[in-house]
Amino acid sequence: MSADLERTRSWSGSEERRSFADLASDLLAKAKRSGATEADVLIADGETFSVQVRLGTVDRLTKAREKHLGLRVFVGKRSASTSTSDFTTDSLSQLVTETCALAKAVVEDQVSGLPAADQMAEERLDLDLYDSTRLNTEQQIELAKRVEAAAMSMDDRVTNSEGGDFDSSSGRVVLGNSHGFLGEYQSSSFSMSVSPIATDPETGAMQRDYWYDVQRKFAKLDSPEAVGLEAARRTVRKLGAKKVATQRVPVVFDAETAGSLMGNLCSAVSGYALYKGASFLAGQLGKSLAPEYVTVYDDGRVVGGLGSRPFDGEGLPTRKTTVVEGGVLKSYLLDTYSGRKLGLASTGNASRSVGENPSVGPTNFFLAPGAKTAQDIIKTVKEGLYVTDLIGFGINMVTGDYSRGAAGFWIEGGELAYPVEEITIAGNLKDMFAGIEMIGNDLKFRGRIASPTVKIAEMMVAGN
Amino acid sequence: MGELVQLTSFGLTEGEVLGALGRVKVRNVDYADFYFESCVSESVSMEESLVKRATKSVSQGVGVRATAGEKTGFAYSDELTKKDLELAADTARYIANSPSGTETIPVPVCRRPTRDLYPIERAQAEVATADRVSLLNAIDAEARRYDSRIKNVMASFNTEYKVVMVATSDGTLIGDVQPLSRLQVTCIAEENGQRQVGSFGGGGRVGFVFYHEGDRYLRFAREAAREAILNLSAVEAPAGAMPVVLGGGWPGILLHEAIGHGLEADFNRKKTSAFSNLLGKRVASDVCTIVDDGTIPGRRGSLNMDDEGTATGRTILIEQGILRGYITDKLNARLMDIPLTGNGRRESYQSVVLPRMTNTFMLAGTSDPEEIIRSVDRGLYAVSFGGGQVDITNGKFVFSASEAYLIEGGKVTRPVKGATLIGSGPEILTKVSMVGHDLKLDEGIGTCGKEGQSVPVGVGLPTIRIDEITVGGTQS
């Protein structure tokens, strides 16, 4: 065992990477000897490289490799979790002892424990999450410069910039448990963004926006020019924004802000919020939540998806879950623990950061697209609000009460009339989901959660 | 010059650290530093009357930084061997576009911070798990005893024990030990099929005894239960622009969002802040004086030194309504040629230093809090808040009330549901017409996020009257 750990310490090359599996097995054996009845080990390592360019010159360059190991033990029905970035033999031995001692200090929890042994992911699935493309420092600086230059060149009113960024990262996850499960996968990500600032030539007032793309494959990224131009377009159109009078109107959420509504839905169907009674959707399984044209999926097996993974944070196979179908709430998102609390099976949604207990997280969570373009949807609104920005945290997940800062455009006669800011939109998420009138055809993933444009029948807009 | 105790805990010699510094501080590099950090965090949590989760996390590493003009090169490693330090140094100095080679570094002055704002022995910071467990059990019992409509109590106790050491090319080798803890309670109340939530918490750079002083932990439990029960009877919040009275303490999040972020030097150097050209100008009414103060003993936002080894201080941001200063780190103070305020902070060795707030608050005024409420005919009285956020560039900010009441005819009447308040940073404080004599700092729960980095902060406020701000309720 110590030989393997010595190799791990050296921290380079493929030999050391292979040894993570051995390291996991060794720790599991050690945990058993220290009194653990069950255990699992999660090891994550990776490297990141990020470049920020501002006004054409490099502002910040960051490079790092890191590794982290998390251990969870069960002593009967008691459990504890620990983590460390120190992989030396002594430190890891101490970690095992401490974790078992910590578990003995908490109370028994009848539903705690690993998933059943026969449920573990078996097939070795390649979801195409990894791209071996390595960009050198100069290439990456060049891409960040291009995305910013494109944004700065589009319009004279773009006068400044918070910077153009290009990031690349890759990593590996190894998960092993005392059932004998041992899985691993590699993944990578490439992202690009730019945040231009536009100045109103008359008033001197400034507006900032940004645009971005993120992909697991370098070749799939939008061009820096396309990202930069979109960022500039989104920024310049905000100039001259004003407040509007307080009133109740239809609200159209653009795809980005509609994605945040899907994020709210995702939190509300999380098993942990539900069994604690901390979700407004507690007890709503099988009930109608939205009109019949609303369908929501969580799909962990989208090839190349940003939220895809072959197995979840407990080693259970991921899958495609229909969360809402025909407007009816069909499934919660669950891991083993929250599922047992609710008397339901896990949906393979255990999300795990090293050193934490599993929680529930989305894989690729999305509202199925409709047929209409965003333009068509805006055309149906005589007077209302088109939301492009939301700020703040004014959501009560227990009641569904919703009140957030917003900015966007006022719609008059089916057209975007002028930009608006310093307003709030308020309602209740239950009413908002029930009030979905139209769904756009513009679904695109730039993260784990996505939505097309959504129109909601009516919300309270507060301004003057 | 004595040997710095932190050197030993990182298993390094002064020679090794200086050697690595020399490697990164090449000719074209203006400034370089190494930040060594070791952190142990522990958490115990309870729900459904069971203390069933315990976690512990250990991390250690070094962040290396080189700045040249406006450029920053940064690398970090979770290994502290000589080879790892050199590798990180080579990455960091890439930014300066300089040939490799070494430069002589001034022999550093080893020192301890001049202040000791949190004199807590390790033994006091480390609490036996059994003691944490009984604390949480007592909280559960107290909240349920408060009202039988409390159906679930969730509580967690988190501690962090951080040892840091900073070695800089301007000749400082300095270390600090930074304990931090926080107790958080959330209650769910249920009545006639309606559920509501209430939260309360607090902490600081304090020992475990803090939570027992005056049975503070039981008060936290009752406050969380009280808010949940109160919200059961809350009516719809009003919508539109109206006068708002903010209570003392945590509502100081207003200052953090409305002006604090906008006065961080990086945004002003880049001229991307709504406050960029307002130094010396009026941005608040003359009853407003606002400071950022990292030197208050035991507070969550306090530090003996910032993460560049600079002693923290008390910085006047706004004096009787006039914008007086920005908060700075070394890079921005140097580039802008303005005073260094000791606000260079980072979440961990894995993140770069940014100018960040410590404890930000408004000084007490002369008004009687009761009189402030009586002065409002129809408006909102907000005493507790969730989070907030700001758009630095256009200055629009929000913060969301979690406990608020209607003011009708100069009297506090019915509780209303949570609502977001939105305003414009450079304007909102000009609408503050009354400031109470009851300055209160928050209980110690704030965590500020910037560029993906979280750092602990504090806020404070006396009772104030804002003549007009937009309230995001649902009732017109």
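## A tour of chain B

Start by selecting B:Gln320: with 13 C-beta neighbours inside 10 Å, this residue counts as partly exposed, because the partly exposed class lies between the limits of 12 or fewer for exposed and 20 or more for buried. Keep in mind as you go that the model is predicted. Look at the backbone here too: B:Gln320 has a positive phi of about 45°, although this residue is not a glycine. To place it, colour strand E10 (314-319) and strand E11 (322-323) of chain B; B:Gln320 sits in the loop between them.

Next, select B:Asp337, another non-glycine residue with a positive phi, here near 55°. You will find B:Asp337 in the loop that runs between helix H9 (330-336) and strand E12 (344-345) of chain B. Is B:Asp337 buried or exposed? With 6 C-beta neighbours inside 10 Å, B:Asp337 counts as exposed.

Along its principal axes, the C-alpha trace of chain B spans about 75 × 55 × 35 Å. A compact globule of 476 residues would have a radius of gyration near 23 Å, and the 24 Å of chain B agrees with that. If you colour by burial, buried residues make up 61% of the 476 residues in chain B.

Then pick out two helices of chain B, H5 (residues 129-146) and H6 (residues 216-232). They pack at an angle of about 40°, with their axes 8 Å apart. That angle makes H5(B) oblique to H6(B), and their crossing is right-handed. To see the contact, show side chains on both helices: H5(B) contributes B:Leu135, B:Ala138, B:Ile139, B:Glu142, B:Ala143 and B:Tyr146, while the residues from H6(B) include B:Tyr217, B:Leu218, B:Ala221 and B:Arg222. The residues of this contact divide into 10 nonpolar, no polar and three charged.

For the last stop, bring chain A into view. The contact between the chains takes 66 residues from chain B and 58 residues from chain A. Which strand gives the most to the side of chain B that touches chain A? Select strand E2 (residues 50-68) of chain B, which gives the most, with 12 residues. Colour that side of chain B by residue class and you will have 22 nonpolar, 30 polar and 14 charged residues.

Terms used: Residues are numbered from 1 along each chain as its sequence is written. Chains are lettered from A and ligands numbered from 1 in the order in which they are written. This is a predicted model: local features need pLDDT of at least 70, side-chain atom pairs count only at pLDDT 80 or more; totals for chains, interfaces and linings use all residues. Axes are lines fitted to C-alpha atoms, for helices over the stretch in contact, and angles run from 0 to 180 degrees between N-to-C directions. Helices (H or I, at least four residues) and strands (E, at least two) are DSSP runs, numbered from the N terminus. Angles under 35 degrees count as roughly parallel, over 145 as roughly antiparallel, 65 to 115 as roughly perpendicular and the rest as oblique. A crossing is left-handed if the near helix is turned anticlockwise from the far one by less than a right angle, and right-handed if clockwise. Two residues are in contact if their C-beta atoms, placed from the backbone, lie within 7 Å. Ala, Val, Leu, Ile, Met, Phe, Trp, Tyr, Cys and Pro count as nonpolar, Asp, Glu, Lys and Arg as charged, and the others, Gly among them, as polar. The radius of gyration is taken over C-alpha atoms; the globule rule is 2.2 Å times the number of residues to the power 0.38.
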